[in-house]
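Here is a short report on one protein model. Start with the chain and its fold below, then follow the sections in order.

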Amino acid sequence: MFSHVMLGVNDLEVSKKFYDALLGTLGIAPGVANKNRYFYRSPTGTFAITTPINGDAACHGNGSTIGFAVQSAEQGDAFHAAGVANGGTTCEDAPGFRDSPMGQIYLAYLRDPDGNKLCALHRPAP
(Lines give C-alpha, C1' and ligand atoms only; values in the text may rest on other atoms or scores of the structure.)
Protein backbone atom coordinates (compact mmCIF):
# COMPACT_ATOMS: atom_id res chain seq x y z
CA MET A 1 0.00 0.00 0.00
CA PHE A 2 2.75 2.50 0.89
CA SER A 3 5.84 3.28 -1.15
CA HIS A 4 7.57 5.15 1.67
CA VAL A 5 7.19 6.88 5.02
CA MET A 6 9.14 10.05 5.79
CA LEU A 7 9.44 11.73 9.19
CA GLY A 8 10.60 15.24 9.92
CA VAL A 9 13.49 15.59 12.36
CA ASN A 10 15.31 18.56 13.86
CA ASP A 11 18.84 17.18 14.15
CA LEU A 12 19.57 15.00 11.15
CA GLU A 13 22.74 13.41 12.54
CA VAL A 14 21.23 12.64 15.98
CA SER A 15 18.26 11.04 14.25
CA LYS A 16 20.48 9.12 11.81
CA LYS A 17 22.36 7.59 14.75
CA PHE A 18 19.03 6.63 16.36
CA TYR A 19 17.52 5.12 13.19
CA ASP A 20 20.74 3.38 12.10
CA ALA A 21 20.74 1.52 15.45
CA LEU A 22 16.98 0.97 15.56
CA LEU A 23 16.55 -0.26 12.00
CA GLY A 24 19.82 -2.18 12.14
CA THR A 25 18.04 -4.59 14.52
CA LEU A 26 15.73 -5.37 11.58
CA GLY A 27 18.63 -6.02 9.21
CA ILE A 28 18.27 -2.68 7.42
CA ALA A 29 21.47 -0.96 6.31
CA PRO A 30 22.43 2.49 7.62
CA GLY A 31 20.67 5.46 6.04
CA VAL A 32 21.86 6.71 2.65
CA ALA A 33 22.27 10.51 2.40
CA ASN A 34 20.45 12.58 -0.18
CA LYS A 35 20.60 16.34 0.51
CA ASN A 36 18.92 16.96 3.89
CA ARG A 37 17.54 13.42 4.09
CA TYR A 38 18.52 9.84 4.88
CA PHE A 39 16.80 6.88 3.24
CA TYR A 40 16.50 3.35 4.67
CA ARG A 41 15.48 0.78 2.10
CA SER A 42 14.05 -2.70 2.52
CA PRO A 43 12.52 -5.16 0.04
CA THR A 44 9.04 -3.94 1.04
CA GLY A 45 9.48 -0.16 1.13
CA THR A 46 11.47 2.89 2.14
CA PHE A 47 11.66 4.81 5.40
CA ALA A 48 13.23 8.27 5.42
CA ILE A 49 14.09 11.11 7.76
CA THR A 50 14.42 14.75 6.72
CA THR A 51 14.78 18.21 8.08
CA PRO A 52 11.69 20.14 6.92
CA ILE A 53 12.30 21.81 3.58
CA ASN A 54 10.29 24.88 4.62
CA GLY A 55 12.83 25.66 7.36
CA ASP A 56 10.32 25.33 10.21
CA ALA A 57 10.97 23.00 13.14
CA ALA A 58 9.89 19.38 12.79
CA CYS A 59 7.17 18.21 15.15
CA HIS A 60 5.58 14.87 15.89
CA GLY A 61 2.02 14.00 14.95
CA ASN A 62 -0.15 13.73 18.05
CA GLY A 63 -2.01 10.44 17.72
CA SER A 64 0.31 9.14 14.98
CA THR A 65 2.33 5.92 15.18
CA ILE A 66 4.72 4.37 12.67
CA GLY A 67 4.70 0.57 13.03
CA PHE A 68 7.61 -1.69 12.08
CA ALA A 69 7.10 -5.43 11.59
CA VAL A 70 9.46 -7.63 13.59
CA GLN A 71 9.96 -11.38 13.21
CA SER A 72 9.94 -12.25 16.92
CA ALA A 73 9.52 -10.85 20.40
CA GLU A 74 13.30 -11.01 20.79
CA GLN A 75 13.78 -8.85 17.71
CA GLY A 76 11.18 -6.44 19.09
CA ASP A 77 13.04 -6.29 22.40
CA ALA A 78 16.28 -5.54 20.53
CA PHE A 79 14.51 -2.84 18.45
CA HIS A 80 13.19 -1.18 21.62
CA ALA A 81 16.50 -1.46 23.50
CA ALA A 82 18.47 -0.01 20.54
CA GLY A 83 16.07 2.90 20.34
CA VAL A 84 16.27 3.72 24.05
CA ALA A 85 20.08 3.35 24.02
CA ASN A 86 20.31 5.86 21.16
CA GLY A 87 18.20 8.76 22.38
CA GLY A 88 14.67 7.37 22.25
CA THR A 89 12.27 7.14 25.16
CA THR A 90 9.97 4.30 26.05
CA CYS A 91 6.23 4.98 26.06
CA GLU A 92 2.97 3.09 26.54
CA ASP A 93 3.18 -0.23 28.37
CA ALA A 94 6.42 -2.21 28.63
CA PRO A 95 7.32 -4.26 25.55
CA GLY A 96 5.51 -7.58 25.53
CA PHE A 97 2.57 -9.66 24.39
CA ARG A 98 -0.96 -8.31 24.61
CA ASP A 99 -4.34 -9.83 23.92
CA SER A 100 -6.22 -8.46 20.94
CA PRO A 101 -9.42 -9.44 19.11
CA MET A 102 -7.14 -11.28 16.62
CA GLY A 103 -5.19 -13.17 19.29
CA GLN A 104 -1.93 -12.33 21.01
CA ILE A 105 0.41 -9.77 19.47
CA TYR A 106 3.77 -8.46 20.63
CA LEU A 107 4.14 -4.66 20.85
CA ALA A 108 7.05 -2.41 21.86
CA TYR A 109 6.48 1.36 21.79
CA LEU A 110 8.99 4.20 21.95
CA ARG A 111 9.48 7.76 20.79
CA ASP A 112 12.39 8.92 18.65
CA PRO A 113 14.50 11.97 19.64
CA ASP A 114 11.88 14.29 18.08
CA GLY A 115 8.89 12.65 19.78
CA ASN A 116 7.66 10.59 16.82
CA LYS A 117 5.89 7.49 18.16
CA LEU A 118 7.18 4.16 16.86
CA CYS A 119 6.05 0.59 17.44
CA ALA A 120 7.59 -2.83 16.83
CA LEU A 121 4.84 -5.37 16.16
CA HIS A 122 5.01 -9.14 15.89
CA ARG A 123 2.05 -11.38 15.09
CA PRO A 124 2.93 -14.96 16.04
CA ALA A 125 1.71 -17.74 13.78
CA PRO A 126 -1.63 -19.15 14.99
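## Loop residues with positive phi

Glu92 is exposed, because its relative accessibility of 52% is over 50%. The structure is a predicted model. Glu92 sits in the loop between strand 6 (89-90) and strand 7. Its phi is near 65 degrees, a positive value in a residue other than glycine.

Lys35 also has a positive phi without being glycine, here near 60 degrees. Its loop runs between strand 2 (32-34) and strand 3 (37-42). Lys35 counts as exposed, with 81% relative accessibility.

## The helix pair

Two packed helices are described by the angle between their axes and the distance between the axes. Helix 1 covers residues 12-24 and helix 2 covers residues 73-85. Their axes come within 8 Å and cross at roughly 165 degrees. That angle is over 145 degrees, so helix 1 is roughly antiparallel to helix 2. Helix 1 passes helix 2 in a right-handed crossing.

Which residues make the contact? Helix 1 contributes Phe18, Ala21 and Leu22. Helix 2 contributes Phe79, Ala82 and Gly83. By class, the contact of helix 1 with helix 2 has 5 nonpolar residues, 1 polar residue and no charged ones.

## Aromatic pairs

The count of aromatic pairs comes to 6. One of them joins Tyr19 and Phe47, with ring centres 5.0 Å apart. Their planes stand at 45 degrees, so the pair is tilted. Tyr19 belongs to helix 1, and Phe47 to strand 4 (residues 45-50). The two residues are 28 residues apart, and the pair links distant parts of the chain.

Are the two partners buried or exposed? Tyr19 is buried, at 0% relative accessibility. Phe47 is buried too, with a relative accessible area of 6%.

Phe97 and Tyr106 form another pair, with ring centres 5.8 Å apart. Here the planes are at 75 degrees, so the pair is edge-to-face. Phe97 counts as partly exposed, with 42% relative accessibility. Tyr106 is buried, at 2%.

## The aromatic cluster

Which residues form one aromatic cluster? The members are Phe18, Tyr19, Tyr40, Phe47, Phe68 and Phe79. Phe18 and Phe79 also take part in the contact between helix 1 and helix 2. Tyr19 and Phe47 are the tilted pair described above.

## Strand 7 and Arg98

Strand 7 spans residues 96-100 and holds Arg98. Is Arg98 buried or exposed? The relative accessibility of Arg98 is 18%, which is under 20%, so Arg98 counts as buried. Not counting residues up to four places away in sequence, Arg98 touches Asp93, Gly103, Gln104, Ile105 and Leu107.

## Strand 4 and Thr50

Thr50 lies in strand 4. Thr50 is buried, with 7% relative accessible area. What does Thr50 contact, leaving aside its neighbours within four places in sequence? The list is Met6, Leu7, Gly8, Val9, Leu12, Asn36 and Arg37.

## Strand 2 and Val32

Val32 is a residue of strand 2. Val32 counts as partly exposed, because its relative accessibility of 46% falls between 20% and 50%. Leaving aside neighbours within four places in sequence, Val32 is in contact with Arg37, Tyr38 and Phe39. Arg37 is in contact with Thr50 as well.

How far apart are Val32 and Lys16? The C-alpha to C-alpha distance is 9.6 Å, across 16 residues in sequence.

## Strand 5 and Ala69

Ala69 is found in strand 5 (residues 66-69). With a relative accessible area of 61%, Ala69 is exposed. Ala69 touches Leu26 and Leu121, not counting residues up to four places away in sequence.

Ala69 and Asp11 are 58 residues apart in sequence. In space they are 26 Å apart, C-alpha to C-alpha.

Technical notes:
Residues numbered from 1 in each chain as written. Predicted model: local features only at pLDDT ≥ 70, side-chain atom pairs only at ≥ 80, totals over all residues. Heavy atoms only, no water. Axes fitted to C-alpha atoms, helices over the stretch in contact; angles between N-to-C directions. Helix = DSSP H or I, 4+ residues; strand = E, 2+ residues; numbered from the N terminus. Parallel < 35°, antiparallel > 145°, perpendicular 65-115°, else oblique. Left-handed = near helix turned anticlockwise from the far one by under 90°. Contact = heavy atoms within 4.5 Å. Nonpolar A, V, L, I, M, F, W, Y, C, P; charged D, E, K, R; others polar. Phe/Tyr/Trp six-rings, centres within 6.5 Å; stacked < 30°, edge-to-face > 60°. Buried < 20%, exposed > 50% of the residue type's maximum accessible area, 1.4 Å probe, protein only.
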